[in-house]
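User: Please take a close look at how the chains touch each other. After that, carry on into the folds behind the contact, in one connected account.

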Amino acid sequence: MSFYNRRKFLTTTAGAAGALAVANALGMPAFAQDRRIRHFWWGNPERDKRTLAVIDIFNGKNPGIVVEGETLGFADYFTKLTTQIAGGNMPDVIQMGYGVMFEYINNGAIVPLDDYVGKSLDVSKIDQSALDAGTVGGKLYAVSIGANSHVTMYNKRLYEAAGIKVGENFDPFGWTYDDLARIGKAIKDATGVAGTDDNTADYQNFSDFVGQKGAVMYTDGEYTVPQEVVEEYWATWKGIRDAGATVAAEETAALAGVAELAQTGLVTGKSATSFAWSNQLVGTQALMQDPIGAAMYPNTPAMLPGSIVQPSQFVCLTRDSKDAEAATTYMTAFVNDLDMTKVLGLERGIPSNPDVRAALEPQLTDIEKVSVAFFDGIQGKTAVLPPPPPSGANEVEQTFERLAVEVLIGGRSPSEVAADFLQQAKDIIGRA
Amino acid sequence: MTKFIRKNLAGYAFLTPWLIGFLLLAIGPILASLYLSFTKYNVINPPRWIGLDNYTYMFGRDARFRKALQVTFTFVAFAVPAKLIFALGVAMVLDKGIRAIGLYRALFYLPSILGGSIAVAILWRQLFNADGVINSLLELVGINGPYWLADPNYSLWTLVVLAVWQFGSPMLIFLAGLRAIPQELYEAAEIDAASKVKQFFAITVPLLAPVIFFNLVLQMIEAFKSFSGAFIISGGSGAPLDSLLFYTVYLFNEAFSFLRMGYASALAWVLLLIIALFTAIAFWSSKYWVHYESERG
């Protein structure tokens, strides 16, 4: 049973609609003739500015449809969405990431788009790989906004000050964790700023490392990372920390699990290197003065690929949408319309529509050029996209970040923590 | 008799707006959550009845539940007495005739008005940051302050201090209680050459006992339910190392981060029972140490 009975809701709205009809018949102007669409995304100040501008363009071009933007930081986004699901008033169009999206699809909160394809929804120009990533069980559920990969962001000024030069003593597309320790130490010695953030409690880097060691995170819905890999990951970062390349362990512990760009060491000025998603280059540069450079995540000397290229974000249609046609019309424009995508730029990743990419080429800002060059650089060096993670994957990630703090600031030994983590991961997946 | 009913009917009629709100906004959701506590409910799909599974998991296998209890009990055990003692101390100082006493009272009450607010928690985070105000002050006297909020050995104590700082409302109640104690008793004690300490324990405490009891129960319930400070300071997760995993923070995470609304409802009911139990213990104990003037003892 559901506490929010749809029929009950409909009778009340029907009453209101009836009153409106009477008002119309009497020749009074109706006040709500526009088809209203709500678009909800998580963002940062730069993204919010661009997205709201895009909504204005759309509303200008499409009389009769009014899109309203709603935005929150990443941490609060899903909390708000949950309450909206419970209340049966999710926005029409929501932003989703590769991962948690599949839980919403499995649970029916996001609905298939196939009925609208070729009508109000045009995805004919979207890269096939991007469409595949949003397809589950043969049905299209999500339209990719752009492609994304893990990126090491570094402060070019500090790197130069320490004599670190691309091509001489730094290979952004083939460096190792040992290189990171060496470079980080050099920067600390030369500038006094910590060389790098510490990724001990960073699940993104850990997931890369799992691939770099030839292991697989999920096999047939089971968590299959061997304990040695977890321990070796923490030992690797302990090596970098012990070399004097990182910010203080306590500092890292305080920020474990915090996903705000403004809190990264690169932006706060506490370190010269931070780790993020490549689409976040644009948003990060907007928060700081020194120019940012882009590199892949460090690797082991064996150079097995660990990073993947995946859609940064999708736009999805929710089951609460009352005007799917207007919503999909907006989604179409959001990924295809050249005026709109021009404003969005590369802030949500490299667009999945080749026409959009071509149109953006001449007007790229410096940081967007860095982003495009980064994508050229990683070609052939990334791993294949794994199948969607099972339900509970999101909680496994948070559990890793919570427990890894113990590795940073003492308590149990890393091998005990690793065993505990794997046990909890198993329990979470079993319980989901 | 008919007159009596009619008179009461009018009373209930005037109460209706409140009654409707109470039934729809309080009783309704409370009963719904009792039902949900026996279900698996992820918000997206309709709830599914699973009997006592939530409760057996909670008491049998949930290590974080036990951690949350430990953190919350520690907080209650230290924050409540510390706050009451501090509030009583300040009230006794303010009870003396000081110039511009009204101003002081207002100033001391201010933190409590800001009480549960987010702004205060953020302020606290700034104060206790690694490079925050507290550590800057410590540096002046040559002490290298710890990472208060990132170190599980200290993080909970910063929140205890935050709770003590918000001593305004028990202080006001104590102040009113102190005013009600007849001055003659102190004068008589003076004549008998009783020391101030003796006066405090022989006059102030016994006569203030009902007020102390009232404040104790109120503050204890509030401490069990404490949420916003820990939520903001730990970034919503109870970090570091679950040292700020207050019961309510854990409940919130289960409900809204992991979409286990059924389990979270069960957690809420267990918290209700815990609070009820401790309140009952307080009431039971009160007959041994609280005496009311109207009573014959």
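Analyst: The contact (heavy atoms within 4.5 Å) takes 27 residues from chain A and 30 residues from chain B. This is a predicted model: local features need pLDDT of at least 70 and side-chain atom pairs count only at pLDDT 80 or more, while totals for chains, interfaces and linings use all residues. Side-chain values use heavy atoms, with hydrogens and water left out; residues are numbered from 1 along each chain as its sequence is written, and chains are lettered from A and ligands numbered from 1 in the order in which they are written.

Between chain B and chain A, about 2,500 Å² is buried, and carbon and sulfur atoms give 60% of that area. Buried area here is the accessible area (1.4 Å probe) that two parts lose on being put together, summed over both. On the side of chain B, the residues that lose the most area to chain A are Ile44(B), Tyr147(B) and Leu241(B), together 25% of what that side buries.

Arg260(B) and Glu395(A) meet in a salt bridge through their side chains, at 2.7 Å from N to O. Seven residue pairs, both residues at pLDDT 80 or more, are in polar contact across the interface of chain B and chain A. Such a contact is a pair of N or O atoms within 3.5 Å; within protein, one must be able to donate a hydrogen and the other to accept it, and residues adjacent in sequence count only if both atoms are side-chain atoms.

Helices and strands are DSSP runs, numbered from the N terminus (helices H or I, at least four residues; strands E, at least two). Helix H1 (2-36), helix H12 (247-257) and helix H13 (261-289) of chain B each give two or more residues to the side that touches chain A. H12(B) supplies the largest share of that side, five residues. By class, the side of chain B that touches chain A has 20 nonpolar, three polar and seven charged residues.

Over all chains, the structure holds 29 salt bridges. One of them joins the side chains of Asp323(A) and Arg35(A), at 2.7 Å from N to O. This pair links distant parts of the chain, 288 residues apart: Asp323(A) lies in the loop between E12 and helix H13 (324-336) of chain A, and Arg35(A) in strand E1 of chain A.

Strand E1 belongs to an open sheet of six strands in chain A, with the order E2-E1-E3-E12-E6-E13 and mixed pairing. Two strands pair if DSSP finds at least two bridges between them. Strand E1 (residues 35-42) and strand E3 (residues 93-96) of chain A run parallel and are joined by two bridges; Phe40(A) stands opposite Ile94(A) in E3(A). Helix H2 (residues 45-61) of chain A packs on this sheet and touches E1, E2, E3 and strand E12 (310-317).

Definitions and conventions. Axes are lines fitted to C-alpha atoms, for helices over the stretch in contact, and angles run from 0 to 180 degrees between N-to-C directions. A salt bridge is a side-chain nitrogen of Lys or Arg within 4 Å of a carboxyl oxygen of Asp or Glu. Ala, Val, Leu, Ile, Met, Phe, Trp, Tyr, Cys and Pro count as nonpolar, Asp, Glu, Lys and Arg as charged, and the others, Gly among them, as polar.
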